[in-house]
Amino acid sequence: MKNRLCNLLGIQYPIIAGGMVWCSGWRLASAVSNAGGLGLLGAGSMYPEVLREHIACCREASDRPFGVNVPLLYPDIDTLIEIIVEEQVPIVVTSAGSPKRFTPLLHEHGIKVMHVVSSTKFAVKCQEAGVDAVIAEGFEAGGHNGREETTTMALIPAVAQAIDLPLVAAGGIASGRSILAAQSLGADGVQIGTLFALSEESSAHEDFKEACVKSDEGDTILTLKELAPTRLLKNDFYQQVATLQARGASADELRELLGRARAKRGIFEGDLEEGELEIGQVAAQIEQVQPVAQIFENLIAEYNAARAELIDMNWTNC
């Protein structure tokens, strides 16, 4: 499956694993890269030296391309970028900010840059900033989301029409059929988060994975819009948030409730009551925790079957 995204990144399949906090360590990133996709390390939950260790481990476990996801609002962002340059990481995905600041520097060192957006307006700004590809993420996705609340199906064709760069679809994608759907809307490839967050190689706590696999349609919600819109699994922590919001709590009150390391508590430590359980809507469709190699096998088989089915369809015979 070769296209301009595969050619850009040097990968076999146009599938990127999202660089998710507390999930995307070297085991997950290297497994995805070894399967033919692009694995990402999630720097958003790593201290600088921890990131350096994961880069080294990823290189030892795989000789294929990998990358690092870097939230640009990270307090130690300059140190992270310095490490990425020093370690000659081939690909960087930036998010939560403007790519203008670091894209020229990364390009100087031969590093390809992709940026995550939630709107057509910011996709155009990314193209103007000189990034190599755009990842357009619909609000179905887990974790931090854009304020526009645009769905993937509405976002991808709009962005595809507005830019000339390779386009990656993200949000609500967890099957071969959804990959084919994203491509039919104009995407060159996909970024998958939730499905890989619930894989065997994910560093998320097993209790978190089990809770997500058992979730049903409607069990996630986009909340905390007063701070940063976040999709998470409903639990006791969310109910506390909802109670504060119902009485008109200020952003400072919500920030105090959120505190520090709430996502680590839920995703990495497995506190299903008081933790922030960030996950996407598509978790309701995932029935079991599987190794990355099996996930890729399933995705490719589903994609090929769905594509063959569509080719056989003839609207004149409906």
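Domain bounds here come from an automatic or database domain assignment. The model you are looking at is predicted, so keep that in mind as you work through these exercises.

**Exercise 1. Into which domains is the chain divided, and what separates their centres?**

Step 1. Start with the bounds: domain 1 covers 4-203, and domain 2 covers 206-282.

Step 2. Now take the centres over C-alpha atoms; 23 Å lie between that of domain 1 and that of domain 2.

**Exercise 2. Describe the interface of domain 1 and domain 2 by its contacts and its buried area**.

Step 1. Count the residues in contact: domain 1 brings 22 and domain 2 brings 20.

Step 2. Turn to area. The size of an interface is often given as the accessible area lost when the parts come together. For this pair of domains, about 1,900 Å² is buried, with 61% of it on carbon and sulfur atoms.

Step 3. Find the residues of domain 1 that lose the most area to domain 2: they are Trp 22, Arg 147 and Leu 198, and together they make up 32% of what that side buries.

**Exercise 3. Which polar and charged links join domain 1 and domain 2, and what supplies the domain 1 side?**

Step 1. Look for salt bridges between the two domains; the count is 1.

Step 2. Check a pair against the cut-off: a side-chain nitrogen of Lys or Arg must be within 4 Å of a carboxyl oxygen of Asp or Glu. Glu 149 and Lys 225 meet at 2.6 Å, N to O, and form a salt bridge.

Step 3. On the side of domain 1 that touches domain 2, strand S7 (143-144) and helix H9 (194-197) each supply at least two residues. The residues of that side comprise 8 nonpolar, 10 polar and 4 charged.

**Exercise 4. Why is the ring pair of Trp 22 and Phe 268 called tilted?**

Step 1. The structure holds 3 aromatic pairs.

Step 2. In the pair of Trp 22 and Phe 268, the ring centres are 5.4 Å apart and the planes stand at 40°, so the pair is tilted.

Terms used:
Residues are numbered from 1 along each chain as its sequence is written. This is a predicted model: local features need pLDDT of at least 70, side-chain atom pairs count only at pLDDT 80 or more; totals for chains, interfaces and linings use all residues. Side-chain values use heavy atoms; hydrogens and water are left out. Contact means heavy atoms within 4.5 Å. Buried area is the accessible area (1.4 Å probe) that two parts lose on being put together, summed over both. Helices (H or I, at least four residues) and strands (E, at least two) are DSSP runs, numbered from the N terminus. Ala, Val, Leu, Ile, Met, Phe, Trp, Tyr, Cys and Pro count as nonpolar, Asp, Glu, Lys and Arg as charged, and the others, Gly among them, as polar. Rings of Phe, Tyr and Trp (its six-membered ring) pair if their centres lie within 6.5 Å; planes under 30 degrees apart count as stacked, over 60 as edge-to-face and the rest as tilted.
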